Amino acid sequence: FLNESGGSSCEACPAGFISDSNGSSSCVPCEGGWSTSGMPGMTACSQCAAGSFSSQGDCLACPPGSFSLLGSARCSLCPLGTFNPSSNATSCYSCSNSTTVQAGAQGSSSCVALTSARLSLSAPRANEETDVLIEFSLHLSLLVGDQLLVSLPEFDGRDGELVMTTETKSSNISFSAEWSNANWLSSNSKMVLTVRSADDMFENDTIKINVSKLNGIRSPMMGVKPCNQNQISRCFTIRAVSHSGITTPNIQFDEFPTFGSFGNSPTMMWAPATGSLLLSWSTFMPLRLDDVFLVHLPCFTADVTTVALQGMSRDLFAGQGMWNASSRTLEVALRGCSDRRGGVCFKRCIDLASTEDLQPCDQDACFKSEETFSIQVLDLSFSPSSCQVQDEVMISIGARAAEQSVLPTPFARICRSCSPQPTLCCKVADLACLRKWSVNGCEVA
């Protein structure tokens, strides 16, 4: 073509453009799905072959996970339930009795028999007997005798048959269920669901399995944390196993409750002679400045709203706590290392004796995921008459802006120093223990 901007000679049309007549002053671009195969100076466009698409004057191969037909301007992702591992594909392979989580799958490993797996608990707190609700979408036909294996790391229960119910949207299917705790053959506790009947089985149906807390299934002592992709064996998963021996890949649960834990650590010791209450606990959860620990002490009273703190961790709570008389709850908030440091977080904030590394740091680095706290609470008085029948000695952590609160955890041990003998009397943390305390002795009959 002859460039009208001042050219004195004809120029070749660039790649992706053509001119099919003499004396042309411009070039015409190829339509989508057509190209000049990357060549300049062409008089006609050629249609891109199936498995390719047009881009910048050339036909390029569709990448894995996609395909195209003859004369395509762009590649199409393999739809749900299909995959493609190679380039230049003109179609995608179909998953057999399964589907894919999203379009554009590149291999058969992306084919799954179950999707949208969700785990719910009626009591989402650590070391608690709970109903377990498992919900998932099924994309294959199950036969009598086929099994679903649900891996629930750190859960605990009684080995044997479970009482459960099945609910579906369309299918007529029922299961029996058995619980198996972790052992030398399996590192995780698991629930085995066996198909008992499958008269009308519809693919893509939603199935709900509800296992009653009467079975004694107990949530993890150390709480439930988000799934760590580097430790996939510790994640909640579900997979199908047919009686013919075919096994589908493990599918991680998309949704499940996460909650922190105090483990079996909360301990309380009351010293009548000095009028002090020693509280200690460990945390198995992320902590931040301004997090508030709530200690419910049903059998104690105070004449003040601000109580003094002593002990190993006093500086972390700025040496004081707040007493809520109506709920009989002690509130202690993490304020940093000590008052003299202005509540600023330091790398060595837990090691109060340290004089090194005193540069300010991100508060997330201030506390480890596992910490131990110990405080001595002054200004409280023991009052058996203030105990209510339904009360428990509990510890929890207040709600955060972006996270749910850690639900209350019962104290593992309640102790008192005996007077006048220098001995300790420890009981399990329940109301019966508290109400047996006398003013001077260990307990009364």
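Okay, let's start: a search of the whole structure turns up seven disulfides, where a disulfide is a pair of cysteine sulfur atoms within 2.5 Å. Before I go on, this is a predicted model, so local features need pLDDT of at least 70 and side-chain atom pairs count only at pLDDT 80 or more, while totals for chains, interfaces and linings use all residues. Residues are numbered from 1 along each chain as its sequence is written, and side-chain values use heavy atoms, with hydrogens and water left out.

The angle about the S-S bond is -85°, and the link is left-handed. This pair ties together distant parts of the chain, eleven residues apart: Cys-48 sits in the loop between β4 (46-47) and β5 (52-55), and Cys-59 is in strand β6 (residues 58-61). Quick note on that naming: helices (H or I, at least four residues) and strands (E, at least two) are DSSP runs, numbered from the N terminus.

So is Cys-48 buried or exposed? Cys-48 is buried, with a relative accessible area of 0%, whereas Cys-59 is partly exposed at 25%. For those words, buried means under 20% relative accessible area, exposed means over 50%, and partly exposed is in between (1.4 Å probe, protein chains only).

Next up, Cys-78 and Cys-92, again a disulfide, with sulfur atoms 2.0 Å apart. The torsion about their S-S bond is about -80°, so this disulfide is left-handed. Here, too, distant parts of the chain get linked, 14 residues apart: Cys-78 lies in the loop between β8 (76-77) and β9 (82-83), Cys-92 in the loop between β9 and β10 (93-94). Cys-78 is buried, at 0% relative accessible area.

Then there's Cys-95 with Cys-111, S to S 1.9 Å. Their torsion about the S-S bond is about -70°, so that disulfide is left-handed. Cys-95 is in the loop between β10 and β11 (99-100), and Cys-111 is in strand β12 (residues 111-112), 16 residues apart. Cys-95 counts as buried at 7% relative accessibility, and Cys-111 counts as buried at 10%.

Four strands form an open, antiparallel sheet in the order β13-β14-β20-β17; two strands pair if DSSP finds at least two bridges between them. β13 (114-121) and β17 (164-168) are at the edges with a single partner strand each, so one side of each has no neighbour in the sheet. On average, neighbouring strands are turned by 15° against each other, direction ignored. That uses axes, which are lines fitted to C-alpha atoms (for helices, over the stretch in contact), with angles from 0 to 180 degrees between N-to-C directions.

Inside the sheet, seven bridges join β14 (residues 132-138) to β20 (residues 205-211), running antiparallel. If you want to find one on your screen, Glu-135 has Lys-208 in β20 as its bridge partner.

Glu-154 isn't a glycine, yet has a positive phi of about 75°, and its place is the loop between β15 (147-151) and β16 (160-161). Asp-379, also not a glycine, has a positive phi near 75°. You'll find Asp-379 in the loop between β30 (370-377) and β31 (381-382), partly exposed at 41% relative accessible area.
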